[in-house]
Amino acid sequence: MRHCVALFLALFLTGCGEGQPDSGKAVAAVTLLEQAAIDAGVIPDVRNVTLSGAFERKSDLGTDSFCAVGNDENGYQIGMIAVFGPDIKCEGLGEAERSGEKVRITLNSEEKCSFTARFDGVELSLPGGLPDGCASYCSSRAGFEGVSFFMIGEGDAVARSTGGRDFENLCPGG
């Protein structure tokens, strides 16, 4: 029993203090628990997943879509649409840069709209508060705030097949 307690304390203390990686490093660090979940296949390793692909979220109001063509080194061309009914939506094109779980998105097909989203390897989540310029992409009573998308297919080819309303292809070939 003493050995179990000692082992638990050693693992606990490893997760605190000096055992932590330098937060200034560009590579995303994972905790022991996250690494165990990655090893077991429970969660993806965000360090080895690309943002390139097609993402969706379906509801009774319609299908929200996001796509990204490119890579972490050179950046991504992106497009996204959030649907709130037949005539109510947000839709825009832009670019993105990814660093670990953080994705810096800049929409530039209307007013400039830049914000940081979170990507865990499966879901891309937009923040609940966005700059005023983001409203230029939306009809009245719509907004990109808090919208999330789940990856449905990886790679540039599947991303290029993502359609929008105002744009035939949200991520055209390039």
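Tutor: A disulfide joins Cys90 to Cys138, with an S to S distance of 2.0 Å; the term denotes a pair of cysteine sulfur atoms within 2.5 Å. The model is predicted, so local features need pLDDT of at least 70 and side-chain atom pairs count only at pLDDT 80 or more, while totals for chains, interfaces and linings use all residues. Residues are numbered from 1 along each chain as its sequence is written, and side-chain values use heavy atoms, with hydrogens and water left out.

The link of Cys90 and Cys138 is right-handed, with 115° about the S-S bond. Cys90 lies in strand β4 (residues 89-99) and Cys138 in the loop between β7 (123-125) and β8, 48 residues apart; strands (E, at least two residues) and helices (H or I, at least four) are DSSP runs, numbered from the N terminus. Cys90 is buried at 0% relative accessibility, and Cys138 is buried at 17%, where buried means under 20% relative accessible area, exposed over 50% and partly exposed in between (1.4 Å probe, protein chains only).

The structure holds three disulfides. In another, the sulfur atoms of Cys67 and Cys171 are 2.1 Å apart. Because Cys67 lies in strand β2 and Cys171 in the segment after α3 (156-159), this pair ties together parts 104 residues apart in sequence. Both Cys67 and Cys171 are buried.

Cys113 and Cys134 also form a disulfide, their sulfur atoms 1.8 Å apart. The torsion about their S-S bond is about 85°, so this disulfide is right-handed. With the bonded cysteines numbered in sequence order, the pairing is 1-6, 2-5, 3-4.
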